[in-house]
Every structure is written in structure tokens, then in C-alpha cells.
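Let's take a walk through this one together. Have a look at the fold below, then read on.

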Amino acid sequence: MAITKHTKGYVTVSGTTIGNQSNMTLTIDGDVGDVTPFGVEWKEIVALGKGWSVSGTVYNSTGDGGLSNFRTEFVSGDRSCTELRFYETTANSFYGACIFTNFTYTKGVGNVDQVTFTAQGTSGLTYATTD
Amino acid sequence: MDSVIRTLDGVPHLRYVSEKFQTYDEVPAKHLPCAFPIDTNEELEPYTIGDAALIHGKLTILITCYVFSETGDVRQQRTELIQEITRYLLTDTLLGSLILDIEPRSIQTDQGMIENYSLFNMEFEIDYVYTRTDGG
């Protein structure tokens with residue numbers, strides 16, 4: 001069965017997997033413009049630029065290399081990433097360059113520490129299939 | 001659970017620790033104070049995504065303890081034993097390395113109904129994770 005689910009897939013940053021991922025979301029937006037002439041019955045819509053972003057939540061682990069690299073980009077880096085990959089399966093992935101836009105570290109009583117992040121695509125998105 | 005029992009074995013004021021439950025009148029005097037730990041209900045939920053997805057388990061363990069005093073002065077013994085068991089379980093390094101967390105959840109006593117004895121249950125919740133395909 002080719003239906004995918006959470007037991008396959010993950011996100012990598014510059015080739016390093018971020019560990020302990022609890023959820024990940026890839027959003028591809030396509031803007032549109034309304035070019036309807038006055039008095040016309042049906043709207044005329046044209047496609048404008050596309051954009052993409054990735055957000056996610058991970059359980060914090062001080063020994064995790066992917067999360068450590070990610071943290072460094074926010075603390076002392078320029079927040080840019082030449083390749084962020086969103087794997088839908090072990091092999092199929094969306095990827096592109098991005099800039100990290102948010103890093104939130106949360107502690108709460110009775111809970112494991114969590115980090116949420118968002119990344120905004122700065123280039124076109126590519127979809128690679130090898131499955 | 002093995003690690004919990006090993007930790008309880010190190011509690012100085014416990015003379016006897018066993019998974020084989022006994023009622024208070026079955027326990028020889030030389031074994032008091034004693035503790036009978038057992039794992040009870042466990043809640044499981046998917047924890048992470050990916051090929052090596054983890055499962056999060058919340059295991060409730062119940063420790064039944066008996067304290068005895070010929071003079072009936074069991075309150076102090078009971079309090080000290082509760083503190084000692086809690087301190088050992090929450091600070092044991094090996095147990096801590098196997099789990100995410102252990103927290104006390106409740107204590108129920110016999111409310112002084114049995115002369116010269118204090119019977120009480122301590123409930124702890126253990127959080128841990130394991131690789132989904134390993135089965136726990």
C-alpha cells in the first residue's frame with residue numbers, strides 16, 4: 001500500500017536529520033491575482049508566485065546533531081540553509097534552500113522539553129522520487 | 001521494573017522487597033518494614049515520526065508497604081519510609097538513565113485501622129520511550 005503515514009518520513013537540515021520529530025508540516029502556497037474587468041460576471045484569476053515553508057515540533061535532546069546545528073543557526077549563524085528536505089517516505093522528498101524564521105523552546109511541568117521551528121523557502125522547491 | 005526493584009533493594013530502612021505480594025499478617029516480623037512493588041496500568045501513544053518512530057509509555061507502578069511497631073508508633077516510621085523510597089526512586093542514576101521521568105502520583109494509607117501496623121500504597125508514574133518496532 002502506497003499510503004504514507006508518520007512511521008515514514010522526516011526532515012533533514014543540510015543533510016543532517018533532526019532527531020525526535022513529533023510533527024512536521026510542509027506548506028506550499030500559490031498566490032493569485034484578481035484581474036476581473038469591471039462589470040464581468042465571472043472572476044478572472046491569474047496565478048502569481050509560489051512559496052513554501054516548513055514548520056515542526058521536536059522533543060529536545062542535547063545530544064542531537066541536527067537540532068544542535070539548527071540551534072547554532074539561530075544563536076550565532078545567519079539562519080540560512082542551502083538545503084532543507086522534507087521526506088514523505090524514506091526516499092521521496094521535497095527540498096530547497098530556506099531561511100529559518102522561528103525557534104521556540106518550551107519547558108512545562110510534567111512534559112519533555114519541546115522545540116518548534118519554522119523555515120521559509122528562499123528558492124524553488126524540488127520534488128524527488130526514488131520510491 | 002527490574003531497575004525499580006533494584007533501587008528499592010537499596011533503601012536502607014526496607015528489610016524486605018519482593019514482587020510476590022503478601023498480606024501484612026503473612027509477613028514475618030523480621031521482614032518489616034517491607035515493600036511489594038508491582039507494575040500496573042500502562043498508557044502508550046505514538047511519540048515521534050520517522051523510520052525509527054518511538055512510542056511513549058506511561059507506566060504506573062504501585063508499591064505496597066507495611067510498617068510495624070510494638071508501641072503503635074508507626075506515623076514517624078511511615079513518613080520516613082515514604083520520604084526515603086521517594087528520594088531513592090527519584091535520584092537513582094541507573095533508573096534515571098533508562099527512563100524520561102519518574103514522579104510520585106499518590107499515597108493511600110490504611111488510616112490507622114490496623115493496630116500497631118501502618119499499611120500504605122505509593123503510586124509512581126514512569127515516563128519512558130522505546131522504538132516502535134522493538135515492542136517495548
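Before counting anything, a quick word on burial: a residue is called buried if 20 or more other C-beta atoms lie within 10 Å of its own. Keep in mind that this is a predicted model. By that cut-off, 24% of the 136 residues of chain B count as buried.

Chain B has three helices and five strands, and if you follow the sequence they come in the order α-β-β-β-α-α-β-β. Its C-alpha trace spans about 60 × 25 × 20 Å along the principal axes. If you take the contacts in chain B with a separation of 6 or more, 58% of them link residues 24 or more positions apart.

What sits inside? The largest nonpolar core has 22 residues, and B:Cys34, B:Ala35 and B:Cys65 have the most contacts inside it. Helix H1 (2-9), strand S2 (34-46), strand S3 (54-68), helix H2 (75-91) and strand S5 (117-131) of chain B each give two or more residues to this core. S3(B) supplies the largest share, six residues. Zoom in on B:Ala35: leaving out residues up to four places away in sequence, B:Ala35 touches B:Leu8, B:Leu14, B:Val17, B:Ile63 and B:Cys65. Apart from that core lies another, of 19 residues, with A:Tyr10, A:Val58, A:Tyr87 and B:Ile49 among them.

That brings us to the two chains together. Nine residues from chain B and 13 residues from chain A make up the contact. On the chain B side, five of the residues touching chain A are nonpolar, two are polar and two are charged.

Technical notes: Residues are numbered from 1 along each chain as its sequence is written. Chains are lettered from A and ligands numbered from 1 in the order in which they are written. This is a predicted model: local features need pLDDT of at least 70, side-chain atom pairs count only at pLDDT 80 or more; totals for chains, interfaces and linings use all residues. Two residues are in contact if their C-beta atoms, placed from the backbone, lie within 7 Å. Ala, Val, Leu, Ile, Met, Phe, Trp, Tyr, Cys and Pro count as nonpolar, Asp, Glu, Lys and Arg as charged, and the others, Gly among them, as polar. Helices (H or I, at least four residues) and strands (E, at least two) are DSSP runs, numbered from the N terminus. A residue is buried if 20 or more other C-beta atoms lie within 10 Å of its own, exposed if 12 or fewer, and partly exposed in between; C-beta atoms are placed from the backbone. A nonpolar core is a set of buried Ala, Val, Leu, Ile, Met, Phe, Trp, Tyr and Cys residues joined through C-beta atoms within 7 Å.
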